[in-house]
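User: Please take me through this model by question and answer, with the cut-offs behind each term.

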Amino acid sequence: MDDTTVKTYRLKNLDCAHCASKIEKAINEMEEVEEAVLVFTSKKFHIKAHHNDLLSEKILKKCTDIEPDVELVEEKNENISEKESEENEKSELLLIIIGAVFLGAAMITENLNTIASLVLYIFSYIILGGKVLKSSIKSIKQGRIFNENFLMSLATLAAFFLKDYPEAVGVMLFFRIGEFFEDTAVEKSRKSIMSAVDMRPQTVSLSEGDRVIEIPAEHAVPGQIIIVKAGDRIPLDGVVEEGQSSIDTSSVTGEHLPENVNPGDKVISGCINLNGLLKIKVEKALSESMVTRIVNSIENAAAGKPKLDRFITRFANIYTPVVVIAAILTAVIPSLITKEWHKWIYTAVTFLVISCPCAIVLSVPLTFFSGIGAGSKKGILFKSGSSMETVRGIRTVILDKTGTVTTGKFTLKSVEIYGDYKEDEIIRFSASCEQFSTHPVAECIKESAVNHGVSLIKPEKVNEIAGMGIETVLSGKTVLCGNEKLMKLKNIDISSCSETSGTVVLCAVDGMLAGCLKISDTIKPDSAETISKLKSRRINTVMLTGDSKTSAAETAKETGIDSFYSKLLPEDKHTIMKEIREKSGAVMFVGDGINDAPVLAGADVSAAMGTGAEAAIDAADIVFMNSDMDSLWKAFVISEDTNRIAKQNIIFALVFKLAVMILGIAGFANMWFAVFADSGVAVLCIINSIRILKKKY
């Protein structure tokens, strides 16, 4: 019996991104744990383990060994209010202000009373650094010294030893200010990202007979009727029972063109009702509705860490000890040669302040988190940071035809007539045969009959032949409506028909071919433009379809697709995808049908159209909620921007830190510079990370 389960915790009081990576590593080293992923931006800890229910205390012990003040809260029991968060911020800010006041007083009295000034410096240091010193002492007891609290404590105490009191306290002050702004920036960034996608309602208006009552949204169950007024957001997935309106789907799909809805139409949560009052029958509870699926996708997406994130985590584990060793060597070797102990110890202390890699470790996951949020605003759901990273390197995109390149809605292109029949008669015969079918082609023929003003004939007899078509008796005439196989089965001569394969419907009356209806799938308006944009990036495009070669060739020519494979079975698509990957490297597959699910699962990165089957959506790495081909292009652009910003942050942080180290050796940089190289650079990287949310795509 498999006792492996996945639990999600939120870590409270986790302030250090580097410590977060250490915690993740420590939990992954536990024998019972299969996988542990800690997302610093959301403070969520996803743990897949054996006997997970029994591991909470052991996991907490591992966490507090690294970050002593950490609390482990299981997500389902979490109750962290905005008010509590604001109160913590205020108390932190108050301590910083009080410490700054004491520091100012100490500097003013320095020339008046040395002892009083020293006492004030000590008070100020305790107020500002007490928390840091306490954490560093706990770290030392647990044998873990390479964290920012220990390094900052060592640096500032060394400054005290060198009698640089203003600098020691001032550096601690700016360190706490930097931490405060860093934590605030991360939290504001997370809220900004989540507020852009979190459309979950607090309450819904439930209709009960003649009265309307407000109930918590999570209490609504399928089958109940809810009321949505004009201007309100649709809270739950359902079907319109009463009313007519236009709805704005842009917050879910990114599509700004309003959609008209009438009784019987399905509506998804998150969309805005623009005008009329709607009564909606709930189909899915809040936990299963689209709004919740979107939020879960965004929050959980950060758990799928890109390779760049994992590399930076490994790099940070090497970087910090190397800088600390460099600091020790800087303090000892030049001092032994020059006898200038004060100068080189001070330089070494500067190195210690710089050595914390938080700016680097924090900025990469936050950048990908922001990129995921930016995509969701355009109706593009990246299910992981790794899928976003992979998209950037794709050189071949494989596209399913129906529902991806085309709309999946068939139209009657032309009618070929044989004998003495008229076009309307062929449409009447064919539509009358197909009037009880729900197949998309049958719907197309019936719609054509309506457009031509043709009335249908009630069949006297109906015989459906699986995979071939229908045999009926209409007004005493035996009518066949179907494909080439049906005609051959009934010995109908079809040699006069110019095209017998692909999406065509043949109609025979009393043993003679009467007409041929040529059906075509409508190409999406943005398909050709999207293919052209992909070509501009030197991305090769391949189309796979079960349609005829003629139909596939026409679609490929009209859209500019480089190559195609036609008349394929579902299993053929998977085989061809593997062949293309062997020749061209990593591939992306885009589809929408349930028969695309195996291919989606097997691609290096896969995307599903949001209007497609749920199996395809679940199997895909990326979901295009609006089903526009343009979303494919936007996915590439967002991926490119996200990866570029992540690398910008890494280069900026490393170059700045290295520059301060060199300036420190040269005697031009002090600890104030070092503090900015640590906390200041982290804040700048955070600001750079979230700018992607403001960019228009």
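**Helix packing, cores and loops**

Analyst: The axes of helix α11 (residues 358–377) and helix α23 (residues 671–690) come within 9 Å and cross at roughly 10 degrees. Axes are lines fitted to C-alpha atoms, for helices over the stretch in contact, and angles run from 0 to 180 degrees between N-to-C directions. Helices (H or I, at least four residues) and strands (E, at least two) are DSSP runs, numbered from the N terminus. This is a predicted model, in which local features need pLDDT of at least 70 and side-chain atom pairs count only at pLDDT 80 or more, while totals for chains, interfaces and linings use all residues. Residues are numbered from 1 along each chain as its sequence is written, and side-chain values use heavy atoms, with hydrogens and water left out.

User: Are α11 and α23 roughly parallel or roughly antiparallel to each other?

Analyst: Their axes cross at roughly 10 degrees. Angles under 35 degrees count as roughly parallel, over 145 as roughly antiparallel, 65 to 115 as roughly perpendicular and the rest as oblique. The two helices, α11 and α23, are therefore roughly parallel.

User: Which residues of α23 make the contact with α11?

Analyst: Contact means heavy atoms within 4.5 Å. On the α11 side it is made by Ala359, Leu362, Ser363, Leu366, Thr367 and Ser370. The α23 side contributes Asp678, Val681, Ala682, Cys685, Ile686, Ser689 and Ile690.

User: Which residues touch the most other members of the largest nonpolar core?

Analyst: A nonpolar core is a set of buried (under 20% relative accessible area) Ala, Val, Leu, Ile, Met, Phe, Trp, Tyr and Cys residues joined through side-chain atoms within 4.5 Å. The largest has 49 residues, and its largest share, ten residues, comes from helix α22 (residues 630–666). The residues that touch the most other members are Met588 and Phe624.

User: What span does helix α9 reach from its first C-alpha to its last?

Analyst: Helix α9 (residues 307–338) has 32 residues.

User: What is the relative accessible area of Ser475, a residue with positive phi?

Analyst: Ser475 has a positive phi of about 50 degrees although it is not a glycine. Ser475 is found in the loop between β18 (469–474) and β19 (477–482). Exposed means over 50% relative accessible area, and Ser475 is exposed at 54%.

Technical notes. The expected span of a helix is 1.5 Å times one less than its number of residues. Buried means under 20% relative accessible area, exposed over 50%, partly exposed in between (1.4 Å probe, protein chains only).
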